[in-house]
Amino acid sequence: MDVLLRPVFSVLAPPDLKLKRPGWVTTPSPYTIFFFVLVSYFLVTGGIIYDVIVEPPSVGSTTDENGHTRPVAFMPYRVNGQYIMEGLASSFMFTLGGAGFIILDQTHNPTTPKLNRIMLQFVGFGALIISFGCCWIFMRMKLPGYLH
């Protein structure tokens, strides 16, 4: 690459700029970065790109045996289609499971008291179990004959 660019920059001289960073620009805190990563994870796993392109309804509706219309949050038998609420609910469960792993990671700090460590373990495992169970139920609602 240097062989290709050397003739170009032997003819052209880049300007000698003295750029200073404005005083109000600071490095964001780790929690700010974590917040933006978590929100972007929530939106991407919720299918925000699909929702913007396809513009599905927020919930669907189905007719029961009596002829009454009831709302449906999950689009059954369509793996690559979703309602907006379905994507948000699934995304919340994915984020809850990820938060469970983050909480479990905090139990390795040697300065954490034993009672706090036990509580963190219960909360972390609880978040993982709830997330896994709900995602399992969501999958059974999406594809009723699957996972039997």
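Reader: Which helices each supply at least two residues of the lining of the largest pocket?

Author: α4 and α5 do. Helices here are DSSP runs of H or I with at least four residues, strands are E runs of at least two, and both are numbered from the N terminus. This is a predicted model, in which local features need pLDDT of at least 70 and side-chain atom pairs count only at pLDDT 80 or more, while totals for chains, interfaces and linings use all residues. Residues are numbered from 1 along each chain as its sequence is written, and side-chain values use heavy atoms, with hydrogens and water left out.

Reader: What makes a space a pocket?

Author: The protein atoms alone are put on a 1 Å grid. A pocket is an open set of points with protein on both sides within 12 Å along at least five of seven lines; in a cavity, a 1.4 Å probe fits but cannot get out. Lining residues have an atom within 4 Å of a point. For the largest pocket there are 15, and Glu-86, Ser-90, Phe-94, Phe-138 and Met-139 lie nearest its centre.

Reader: Why is the pair of Phe-35 and Phe-36 called edge-to-face?

Author: The angle decides. It is 65° between the planes, with 5.5 Å centre to centre. The count of aromatic pairs comes to three.

Reader: What makes Phe-36 count as exposed?

Author: Exposed means over 50% relative accessible area, buried under 20%, and partly exposed in between (1.4 Å probe, protein chains only). Phe-36 has 52%, so it is exposed. Phe-35 has 49%, so it is partly exposed.

Reader: Why is Ser-131 called buried?

Author: Its relative accessible area is 7%, so Ser-131 is buried. Ser-131 sits in helix α5 (residues 114–142). Beyond its neighbours within four places in sequence, Ser-131 is in contact (heavy atoms within 4.5 Å) with Met-93, Phe-94, Leu-96 and Gly-97.

Reader: How do you know that Cys-134 is in no disulfide?

Author: A disulfide needs two cysteine sulfur atoms within 2.5 Å. The count is zero. For Cys-134, the nearest cysteine sulfur is that of Cys-135, 7.1 Å away. That is too far for a bond. Cys-134 is partly exposed at 23%, and Cys-135 is partly exposed at 21%.

Reader: What makes β1 and β2 a pair?

Author: Two strands pair if DSSP finds at least two bridges between them. Strands β1 (residues 60–63) and β2 (residues 69–72) have four, in the antiparallel sense. Thr-63 stands opposite Thr-69 in β2. The hairpin has five residues between the strands, and there Gly-67 takes a positive phi near 90°.

Terms used. Rings of Phe, Tyr and Trp (its six-membered ring) pair if their centres lie within 6.5 Å; planes under 30 degrees apart count as stacked, over 60 as edge-to-face and the rest as tilted.
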